[in-house]
Amino acid sequence: MSVGHYERDEVTPSVEVASKLADALSVSLDYLSGNTDTELDSATLGRIREISVMPEEDRKQVFLVVDALIRDFKARKAYAQ
């Protein structure tokens, strides 16, 4: 089978094939299947996996830093307009 069959909705790939396609394209399976419009590359997904296995206190610290960076980004964006 070719990718064209999948693109034309003539056939649906198995979960295994879809997973391999997502890996080859460095996107999440959710993005590939259209369940989200947020494209997360494999490096970002790897970081999220690393954070998810941290002890809870370490995860809280990471999220505090990320939240502060997001807040600052949004503020800069708002003031730039």
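Trainee: Is Asp 23 buried or exposed?
Mentor: Asp 23 is exposed, at a relative accessible area of 58%. Exposed means over 50%, buried under 20%, and partly exposed in between, using a 1.4 Å probe and protein chains only.

Trainee: What kind of model is this, and how are residues numbered?
Mentor: It's a predicted model, where local features need pLDDT of at least 70, side-chain atom pairs count only at pLDDT 80 or more, and totals for chains, interfaces and linings use all residues. Residues are numbered from 1 along each chain as its sequence is written, and side-chain values use heavy atoms, with hydrogens and water left out.

Trainee: Back to Asp 23, where is its place?
Mentor: Asp 23 is in helix 2, residues 15-25. Helices here are DSSP runs of H or I with at least four residues, numbered from the N terminus.

Trainee: What about Ser 28, buried or exposed?
Mentor: Ser 28 is buried, with a relative accessible area of 12%. Ser 28 sits in the loop between helix 2 and helix 3 (29-33).

Trainee: Which residues does Ser 28 touch?
Mentor: Leaving aside residues up to four places away in sequence, Ser 28 touches Ala 22, Leu 40 and Leu 45. Contact means heavy atoms within 4.5 Å.

Trainee: Switching topic, where do Asp 9 and Ser 26 lie?
Mentor: Asp 9 lies in the loop between helix 1 and helix 2, and Ser 26 in the loop between helix 2 and helix 3. Asp 9 has a positive phi of about 60° although it is not a glycine. Phi of Ser 26 is also positive, near 55°, again in a residue other than glycine.

Trainee: How accessible is Ser 26?
Mentor: Ser 26 counts as partly exposed, at 31% relative accessibility. Asp 9 is exposed, at 69% relative accessible area.

Trainee: Okay, pockets. Which residues lie nearest the centre of the largest pocket?
Mentor: Tyr 6, Glu 7, Pro 13, Leu 21 and Leu 32 do, out of 13 lining residues. A pocket is an open set of points on a 1 Å grid over the protein atoms alone, where a 1.4 Å probe fits, with protein on both sides within 12 Å along at least five of seven lines; lining residues have an atom within 4 Å of a point.

Trainee: Which helices supply the lining of the largest pocket?
Mentor: Helix 1 (3-7), helix 2 and helix 3 each supply at least two residues.
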